[in-house]
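Hi! Here are my notes for you to read with the model open beside you. Take the points one at a time and find each spot as you go.

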Amino acid sequence: MEYYMENGGGQVNRTEEKAKRSSQQRRLIYETLASTTAHPDVESIFAEVRKKLPDIGIATVYRNLRRLVADGLVNTLETTKDCVHYDADVSNHAHFVCEKCGKIKDLFIASPMSDAVEQLGYEVKREKLIFYGVCPECGRRNEN
């Protein structure tokens with residue numbers, strides 16, 4: 001169903017207007033995420049987006065992030081603190097989550113797991129590999 005409203009003598013399709021606003025919001029959310037390697041959580045993304053769109057709500061950010069993930073433009077990263085982080089770099093790479101400082105680092109290493117799985121007859125489209133442990137910086141701090 002389409003809704004119309006009068007706008008200075010002409011009709012404006014509210015469905016199209018809403019879709020345009022949504023796509024602008026989604027584009028800004030994606031650009032915000034793509035401009036960092038910090039793997040932010042939703043609260044951090046929301047805070048950055050609000051600087052440019054003060055009226056945006058947190059539910060809109062969640063909804064658009066879900067859509068970006070579903071469209072394959074963004075990956076999710078689960079941490080040990082029950083918090084989801086987001087990554088706009090969807091190239092094949094792994095992540096390391098430090099259980100002490102919480103930093104998430106990209107690891108551009110080849111994974112032999114995909115080859116092994118494909119040898120079993122499966123077709124691998126993407127893989128998601130997350131290592132959890134202690135980063136080198138936190139490891140050095142513990143030695144001192």
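The points below go through a helix pair and then a sheet.

1. Before anything else, keep in mind that this is a predicted model.

2. Start with helix H2 (residues 42–50) and helix H3 (residues 58–70). Their axes come within 10 Å and cross at roughly 115°. Angles of 65 to 115 degrees count as roughly perpendicular, so H2 is roughly perpendicular to H3. The crossing of H2 and H3 is right-handed.

3. Which residues of H2 and H3 make the contact? On the H2 side, look for Val42, Glu43, Ile45 and Phe46. On the H3 side, click on Ile58, Val61, Tyr62 and Leu65. Sort the contact by class and you get seven nonpolar residues, one charged and no polar ones.

4. Now go along to strand S5 (residues 94–98) and strand S6 (residues 104–107). They pair in the antiparallel sense, over four bridges. For a landmark, find Ala94, which stands opposite Leu107 in S6.

5. S5 and S6 form a hairpin, with five residues between the two strands. Have a look at Gly102 in the turn: its phi is positive, at about 85°.

6. Zoom out a bit and you'll see an open sheet of three strands, in the order S6-S5-S7, with mixed pairing. Why is one side of S6 and of strand S7 (130–133) left without a neighbour in the sheet? Both stand at the edges with a single partner strand each, so one side of each has no neighbour there. From one strand to the next, the twist averages 25°.

Methods
Residues numbered from 1 in each chain as written. Predicted model: local features only at pLDDT ≥ 70, side-chain atom pairs only at ≥ 80, totals over all residues. Heavy atoms only, no water. Axes fitted to C-alpha atoms, helices over the stretch in contact; angles between N-to-C directions. Parallel < 35°, antiparallel > 145°, perpendicular 65-115°, else oblique. Left-handed = near helix turned anticlockwise from the far one by under 90°. Contact = heavy atoms within 4.5 Å. Nonpolar A, V, L, I, M, F, W, Y, C, P; charged D, E, K, R; others polar. Pairing = 2+ DSSP bridges.
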